[in-house]
Amino acid sequence: MGREKARRLSGSRHFRQRMVLATLTSTAITIEDIRSGGAAPGLRPHELRYKPGVIVGGRDLEHDCGVHRGIGYFLEPLILLGLFARAPISIRLRGITNDTKDPSVDTFRMVTLHMLKQFGVPLEGLELKIESRGAPPLGGGEVFLRAPNINSTLKAANWVDEGMVKRIRGVTFSIRVSPQIENRIIYAARGIFNRFIPDVHIFTDHRSGSAGGRSAGYGVSVVAETTTGCLISADATVSYPNVDEMNEESESPELTSPEDLGVQVASMLLEEVAQGGVVDSTHQGLLFILCALSPPDVSKVRVSQLTPYAIETLQNIHDFLDVKFIIKPDPNSNTVTLKCVGAGVKNLARKTS
């Protein structure tokens, strides 16, 4: 599919997603004008050069994710590639586990991995262990990911009923700060949640020493679980600046207090729930890709109003997989139902082993 002639693309938008889809479809691509108008044109350290070929997979892999993006930036493409690899993947990733740019590793562990069962991926082969935490700017975190490969194809999904929220779970973290900060976050978050639901449990995860990374910070990830098994998430992180780079004249930035952070993330989760849909807004893009990769059968999903990222994901899916979604808004619930016939992408790598 597209091996004979490279597909020409322009700009750096959704570089990661384009590379994943190019790999899964064996499409050679040439991307031109990457940040051509910027002061620092070209690729960033966290944007990998990858030539499509057989996805090998393998055990005991390691990768330093750097400190430009969180580990969550790398986890989504790793999972997608791993599903279609020759062998299951086990890999250690080092860098930033919790930041303000990318979904936290906690959200990935509690929510993203569980999405895959809707498409026939057994949860038994999925694992994400947080060995150490790392916050910006210096990181120092480490996680271990184990992901299965599929025998042939995913399965189509009919996933439209989000149900009602029955409980809320979550985890706070603190590194190189007082562990009492986590209790303050939980107290503030529960003050919001308990107005609506009594079953709320937020765990604490204080890390010190080498398990606490190289920068101080704290944060929280929360998940609303519904009666139909949907998981809706929100997370937030506060990190301290690198004191070595601050001079005497610079003012210390005003950090969000633990109480304000707890209220903030609780409000974010309630807003995600109120918007409706079977996934939260940050997972729309991944959901659509999984639908498009599925067999040539109808997948039907319901989400809240489409995010700009999700809209561009639909365009990339059309460009690489030639899959079109039928989009039907529901004015009563303010949600959107999408249907598509999957491209039937198969794990051909297993056949070459």
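Author: A helix here is a DSSP run, H or I, of at least four residues, and helices are numbered from the N terminus. With that label in hand we can read this model, which is a predicted one.

Reader: How are two packed helices described?

Author: Two packed helices are described by the angle between their axes together with the distance between those axes. In this structure, the axes of helix H2 (residues 72-83) and helix H3 (residues 105-115) come within 10 Å and cross at roughly 35°, and the crossing is right-handed.

Reader: Which residues in H2 and H3 meet?

Author: From H2 the contact draws on Leu75, Glu76 and Ile79, and these meet Val105, Phe108 and Leu113 of H3. Sorted by class, this contact of H2 with H3 has 5 nonpolar residues, no polar ones and 1 charged residue.

Reader: How many cavities of 30 Å³ or more does the count come to, and what lines the largest cavity?

Author: A cavity is a set of grid points where a 1.4 Å probe fits but cannot get out, and the count comes to 2 cavities of 30 Å³ or more. The largest cavity holds about 60 Å³ of space, and its lining includes Val111, His114, Met115 and Trp159. The largest share of that lining, 3 residues, comes from H3, and by class the lining has 7 nonpolar, 2 polar and 1 charged residues.

Reader: Which residues line the second largest cavity?

Author: Around this space of about 50 Å³ lie Arg16, Gln17, Val20, Glu76, Pro77, Leu80, Ile289 and Tyr309. Helix H1 (15-24) and H2 each supply at least two residues of the lining, which divides into 5 nonpolar, 1 polar and 2 charged residues.

Methods. Residues numbered from 1 in each chain as written. Predicted model: local features only at pLDDT ≥ 70, side-chain atom pairs only at ≥ 80, totals over all residues. Heavy atoms only, no water. Axes fitted to C-alpha atoms, helices over the stretch in contact; angles between N-to-C directions. Left-handed = near helix turned anticlockwise from the far one by under 90°. Contact = heavy atoms within 4.5 Å. Nonpolar A, V, L, I, M, F, W, Y, C, P; charged D, E, K, R; others polar. 1 Å grid on protein atoms, 1.4 Å probe; cavity = no way out; pocket = protein on both sides within 12 Å on 5 of 7 lines; lining within 4 Å. Points joined across faces, edges and corners; volume = space filled by probe spheres on them.
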